[in-house]
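The sequence and structure come next.

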Amino acid sequence: MTVIAPLAIAGWYLWERAADQYASTLGFSVRAEDQSPAISLLGGITDFSGSGSNDTDILYEYLHSQDLVQQMAAELDLGRIWSRPGHDWRASDSDPVFAYDAEGTIEDLVEYWQRMVRIRYDTGTQLIEVRVLAFDPQEAQSVATLLLQKSSELINTLSDIAQEDTIRSAREDLEMARERLRAARRDVTEFRNRNQLVDPETDVAAQAGLLGELQAQLATALIDADVLAKTTRSNDPRIAQASLRIETISRRIAAERSKLGMDGQGNPTLLSEVMGQYEALVVDRKFAEESYTSALAAFDLAQAEARRKSRYLAPYIQPTIAQSSRYPERGTLLIFGAIFLSLTWLVLAVTTYALKDRH
């Protein structure tokens with residue numbers, strides 16, 4: 001009776017009170033699209049390879065997490081779905097053993113989730129297979145479909161994070177190069193405004209040419225004045241005119257030399273200093289432009305690399321819908337119950353006989 005009575009009660013409950021449960025099965029894996037540049041040049045053939053185990057491990061832990069259960073419960077009301085048969089012992093059609101208590105806490109729901117959602121993870125093939133149980137086949141499929149959607153959203157989030165990590169450093173380098181280029185161009189502009197020079201090299205060349213022409217004219221005027229001094233009387237008005245011309249050209253030459261900082265009066269903006277400052281600024285600007293070009297190319301390459309290694313969830317079994325109830329596995333549960341009761345009775349019997357022998 002120690003074994004038969006409990007076993008009979010268990011059999012009666014399993015076949016008379018336990019509500020039918022329907023299973024929906026789905027399977028998926030985490031994949032990464034990795035297209036090598038050489039292959040893409042030959043025809044754009046894409047090579048699909050499994051991603052690292054980290055993504056799959058994260059997804060496996062996520063499928064057991066309270067966060068997922070809360071999201072699923074908020075969208076599908078899991079408490080209502082899994083408490084459908086009722087949890088009242090007094091009701092003849094309720095199933096208090098296998099049904100969920102709708103008044104339970106989130107911790108109770110997470111614990112019940114482990115019973116109704118069975119997850120099998122093959123670490124060798126990186127495949128995850130999920131079996132979802134519910135008391136209605138459509139509801140079981142709905143839970144499985146939403147679970148697949150949430151899993152895909154997690155992998156998409158992980159992929160976005162990985163892509164952002166890939167291009168973050170390149171973006172920072174690009175911003176630094178862009179700011180350096182702006183600063184270099186700003187320095188050149190400020191130099192031009194400060195010295196009133198658009199292109200110092202062109203302006204200096206033009207002023208140097210003008211100075212050379214004035215010096216040539218001065219030399220001609222001096223020669224003409226010498227010729228007049230020797231060939232005419234001292235009171236010839238042409239001599240005074242030649243002297244005035246020489247004086248005017250000399251003043252103009254002095255003015256032009258002063259503009260070029262060659263007046264020898266300690267002018268701080270000497271020609272060599274002006275040209276040296278400008279050349280240094282031009283070199284800095286050119287280096288900043290080359291750095292910006294390199295940083296922009298690196299940023300574009302990082303974006304292409306991030307897109308090339310995008311992750312996604314690849315379902316190989318879409319959520320199924322059951323046509324018949326296979327759960328709870330009444331025969332299996334009854335057999336395990338019989339084994340457990342038999343072992344319990346055996347232990348009790350051996351213990352009892354051992355105690356009698358001692359007395």
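Does Arg84 count as buried, partly exposed or exposed, and at what relative accessibility? In this predicted model, Arg84 has 45% relative accessibility and counts as partly exposed. The side chain of Arg84 meets that of Glu139 in a salt bridge, with 2.0 Å from N to O. Arg84 sits in the loop between α5 and α6 and Glu139 in helix α7, so this pair links distant parts of the chain, 55 residues apart.

Glu139 also forms a salt bridge with Arg80, where the closest N and O atoms are 3.6 Å apart. Arg80 belongs to helix α5 (residues 78-82) and Glu139 to helix α7 (residues 137-195), so the pair ties together parts 59 residues apart in sequence. Glu139 is buried, at a relative accessible area of 12%, whereas Arg80 is partly exposed at 42%.

## Other salt bridges

Arg171 and Glu164 form a salt bridge through their side chains (2.7 Å, N to O). Arg171 is partly exposed, with a relative accessible area of 29%, and Glu164 is partly exposed at 29% relative accessibility. Through shared partners, salt bridges join Asp77, Arg80, Arg84 and Glu139 into one network. The count of salt bridges comes to 12.

## Packing of α4 and α6

Helix α4 (residues 66-76) packs with helix α6 (residues 106-116) at an angle of about 100°, and their axes are 10 Å apart. The angle makes α4 roughly perpendicular to α6. Residues of α4 that meet α6 include Leu68, Val69 and Met72; among their counterparts in α6 are Leu109, Val110 and Trp113.

## Nonpolar surface patch

Ile335, Phe336, Ile339, Leu343, Trp345, Leu346 and Val350 form a nonpolar surface patch, together having about 730 Å² of accessible area. Phe336 lies in helix α11 (residues 330-358) and is exposed, with a relative accessible area of 54%.

Notes:
Residues are numbered from 1 along each chain as its sequence is written. This is a predicted model: local features need pLDDT of at least 70, side-chain atom pairs count only at pLDDT 80 or more; totals for chains, interfaces and linings use all residues. Side-chain values use heavy atoms; hydrogens and water are left out. Patches are made of residues with over 30% relative accessible area and no salt bridge: like charges are joined within 9 Å, nonpolar side chains (Val, Leu, Ile, Met, Phe, Trp, Tyr) within 5 Å. Accessible areas come from the Shrake-Rupley method with a 1.4 Å probe; for residues, only the protein chains shown count as cover. A salt bridge is a side-chain nitrogen of Lys or Arg within 4 Å of a carboxyl oxygen of Asp or Glu. Helices (H or I, at least four residues) and strands (E, at least two) are DSSP runs, numbered from the N terminus. Buried means under 20% relative accessible area, exposed over 50%, partly exposed in between (1.4 Å probe, protein chains only). Axes are lines fitted to C-alpha atoms, for helices over the stretch in contact, and angles run from 0 to 180 degrees between N-to-C directions. Angles under 35 degrees count as roughly parallel, over 145 as roughly antiparallel, 65 to 115 as roughly perpendicular and the rest as oblique. Contact means heavy atoms within 4.5 Å.
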